[in-house]
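Hi,

Here is the structure I said I would pass on to you.

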Amino acid sequence: MIDPITLIVALVTISTPVLLAALGELVVEKSGVLNLGVEGMMIMGAVCGFIVANQTGSPTLAFIAGMAGGAAMAAIFAVLTQFLMSNQVATGLALTLFGLGLAALLGVGYEGQPIPDVAKPLPEALRTIPIIGPIALGHDLVTYIAIAAIFAVWYVLKHTRTGLIIRAVGENHDAAHALGYKVIRIRCMAILFGGAMAGLGGAFLSLIYVENWVQGMTAGAGWIALALVVFAAWKPGRVLFGAWLFGGIAALQLRLQTTEINVPVALLDASPYLVTIFVLVLMSSDRAKAALNAPAALGKTFHASG
Amino acid sequence: MIRLEKRPTPSRAWALSTPIIAVILTMIAGGLMFAALGKDPFEVIRVIFWDPLFSERFAAFSRPQLLVKAGPLILIAIGLSLGFRAGIWNIGAEGQYIIGALCGAAFGLSFYPSESPLIFPGMVIAGLLGGTLWAMIPALLKIKANTNEILVSLLLVYVAEAILASAATSWLRNPDGQGFPGSRNLSRHAGTENPIPLEGLDVLGGFFDLAHVGIFAAMAAVIAAYVLFQKHLLGYQIKLAGQAPRAAKFSGVSPALMVVLCLGVSGALAGVAGLFEVSGPAGQITIDFNVGYGFTAIIVAFLGRLHPVGILFAGLLMALTYIGGELAQLLLQVPGPAIQAFQGMLLFFLLALDVLSNYRVRFGRGGAA
């Protein structure tokens, strides 16, 4: 039988990396930049975090290294797309291909190496409270940070001047430029933020969820994060819903594989991706609504003339 | 102070020379990477780019491999270039490659142990159809439900991999294989094998010694794409749809037709590339017979400037990095993933240098442009 409480705990854990990466990408896209390199930034975060954890034994340093790894990849993307005005779709793909290769190279010899346990932030006693304890109080610090980040991103984008500027740049970069905002600089900051978030998600994957480094371990999580942003119609709150839906399916299918239920393994393995495609279809089919929410300057290159 | 000034039209001279400069810069940056790994950079670069073709010890073995690796890359990249020119981004060629291989192999194995000469042509058609159908999923979803074809085609790669795993371990598994995963060997069975027309003739410097039918199909695709873009209205419409979507619409180019066409052709070519691989060099369906050609082909398409002749050369160069990479792994213990990073780097430099063909670099604070 499948225990609903452990299922929910697994759901929250599995959804954390994609939630972090999707929130980062949401800010990037709000600023008008489409970075398809999330997968590459995530896997770099995973490998950098794992190596530092193994070498230093400090989870804190490891997570910082993960963020730095993701941000370093994002920096390449920023230079290429913002200063050298390369095509964002092609550059994002390049970032993913390069990231997967570089991460595999850096991780040679690290598979199965020991890493320190990451301590839980809340005291052990709280976790013994029935139902609420394991579901809400037994998670890792990064999971709580991810949840808090939803509110932070929502608040900053919706209610602060910084958020207004980010959105203005994403809606119409020429107008924002005419008003005196530094379009390129703002977009670079957003891209770096997105990279750090994806890197943190990747580090969570290798340090807490899998507790190992495996080549290609992100297995499409970065692409699912990209799909979640579309699914969420660029609204932070809905990203959480999408991430939990994905996490729920992924956690459920893992458990179904160990039970006697007669479902083809291929269908179970593919289910998180199929569900992601399905919700994408649901969200995109209303053309007018989809166009209304997407940042108007998404994916367009800015070049100040004159 | 450096300023960039947009050119009215992209510079042809720069567009042609940037791929070569990008290769040189990648060699330098890659050399630094190899040096960081504790290897002699000059030796590694020589082993990757020179030894497979000209060294006395390895050329006899490596030369025939060049076209074997370049064939699928060129075939897939030619298909992708259609869509990339029209602004339709099929990045799930790897999935179409897998499904094409599965359909073709399943067709061939269903006639086992027949050795009829009609089986292989049937497998080719099954491969074409399999890849096309798999690519039709993102195409139809884009037309009917307005979903992003980038995400759908990519996510379907993971679905295809799940199907491949089940095929290799259950429904296509070799019944005489003592329970080991993997299908029957297609390349060692008359009827399902991918023929090598010039085998043993020892012509053309050895390059064609292992060239199976897929290599010739790739060359035919290069020529067909060249004619399409140079001589045919459809090629012009594809370019128009990419560069001026509104103008294309007004001149009667149906966007839906473009999506179906571009994804369909790229899916078909990726699918048939998978079939040629599984019935030839790979030999059988295994869990990991696919080695990422569908993704590397994206680099090939860009490196070739989306031009058929460019793609031909880019495919050969990328194949050389695969073969040279294996050689470097063997001789100098360079880790395998280093080559993947090296290939990714090449795409970065290429994209970065594009700025030179689209913009003019001006020094100093000039007046208003």
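Below is what I found, starting with where the two chains meet.

First, some housekeeping: this is a predicted model, where local features need pLDDT of at least 70, side-chain atom pairs count only at pLDDT 80 or more, and totals for chains, interfaces and linings use all residues. Residues are numbered from 1 along each chain as its sequence is written, chains are lettered from A and ligands numbered from 1 in the order in which they are written, and side-chain values use heavy atoms, with hydrogens and water left out.

So, how many residues of chain B are in contact with chain A? There are 40, and they meet 44 residues of chain A (contact means heavy atoms within 4.5 Å). Together the two chains bury about 3,600 Å², with 82% of that on carbon and sulfur atoms. Buried area here is the accessible area (1.4 Å probe) that two parts lose on being put together, summed over both. On the chain B side, Leu151(B), Leu155(B) and Phe348(B) lose the most area to chain A, together 19% of what that side buries.

The side of chain B that touches chain A has 33 nonpolar, 5 polar and 2 charged residues. In this scheme Ala, Val, Leu, Ile, Met, Phe, Trp, Tyr, Cys and Pro are nonpolar, Asp, Glu, Lys and Arg are charged, and the others, Gly among them, are polar.

Over all chains, though, the structure holds 5 salt bridges. One of them joins Glu326(B) and Lys69(B), with the closest N and O atoms 3.6 Å apart. Glu326(B) is in helix H13 of chain B and Lys69(B) in helix H4 (residues 59-86), so this pair ties together parts that are 257 residues apart in sequence. Helices (H or I, at least four residues) are DSSP runs, numbered from the N terminus.

Two spots in the backbone are worth a look too. Most residues other than glycine have a negative phi, and most peptide bonds are trans. The peptide bond from Tyr112(B) to Pro113(B) is cis, with omega near 0°, and Pro113(B) sits in the loop between helix H5 (93-110) and H6 of chain B. Arg305(B), which is not glycine, has a positive phi near 60°. You will find Arg305(B) in the loop between H12 and H13 of chain B.

Definitions and conventions. Salt bridge = Lys/Arg side-chain N within 4 Å of Asp/Glu carboxyl O. Helix = DSSP H or I, 4+ residues; strand = E, 2+ residues; numbered from the N terminus.
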